[in-house]
Amino acid sequence: MATFTLNSETRIGKFNLKGRINAVRIVKTLNNYSDFAEIRVPATVSLKSKDGSKAIRRMDQLIHRGDKVTINLGYNGELKPEFEGFVSKVKRKEPLIIECEGYSF
């Protein structure tokens, strides 16, 4: 029996959110002009700078409308691009909800 492990890699702006996502929902349809994605992440994150120091920051201060978004999903380490677009809205809740639109944004 084969075992499958779900993997994801999501980039928003200059941040790689690998392993920090609570949920992702992607909507692709021929009836809409644009693709849509919703990403849920913890409201705070621990950042490590190049000199090794750590700081805890709120994600809503780091992610902004217009930031480029790339979502890759797959199994057993084989990732495939599922969504490319831009941040359209950041909802300040717990967890933080990041709404994204495809290239029609």
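Biologist: Which residue forms a salt bridge with Lys 91, and how far apart are the closest N and O atoms?

Modeller: Lys 91 pairs with Glu 99, and the closest N and O atoms are 2.9 Å apart. A salt bridge here is a side-chain nitrogen of Lys or Arg within 4 Å of a carboxyl oxygen of Asp or Glu. This is a predicted model, in which local features need pLDDT of at least 70 and side-chain atom pairs count only at pLDDT 80 or more, while totals for chains, interfaces and linings use all residues. Residues are numbered from 1 along each chain as its sequence is written, and side-chain values use heavy atoms, with hydrogens and water left out.

Biologist: Is Glu 99 buried or exposed?

Modeller: Glu 99 counts as buried, at 12% relative accessibility. Buried means under 20% relative accessible area, exposed means over 50%, and partly exposed lies in between (1.4 Å probe, protein chains only). Lys 91 is partly exposed, at 28%.

Biologist: How many salt bridges are there by this rule?

Modeller: The count comes to seven. One of them joins Glu 82 and Lys 28, with the closest N and O atoms 3.6 Å apart. Glu 82 lies in strand β8 and Lys 28 in the loop between β3 (23-27) and β4, so this pair links distant parts of the chain, 54 residues apart. Helices (H or I, at least four residues) and strands (E, at least two) are DSSP runs, numbered from the N terminus.

Biologist: And which residue meets Glu 84 in a salt bridge?

Modeller: Its partner is Lys 68, at 3.9 Å from N to O. Because Glu 84 is in strand β8 and Lys 68 in strand β7, the pair ties together parts that are 16 residues apart in sequence. Glu 84 is partly exposed, at 36%, and Lys 68 is partly exposed at 36% as well.

Biologist: What is Met 59 in contact with, leaving aside its neighbours within four places in sequence?

Modeller: Met 59 is in contact (heavy atoms within 4.5 Å) with Leu 17, Val 41, Pro 42, Ala 43, Thr 44, Val 45 and Leu 96.
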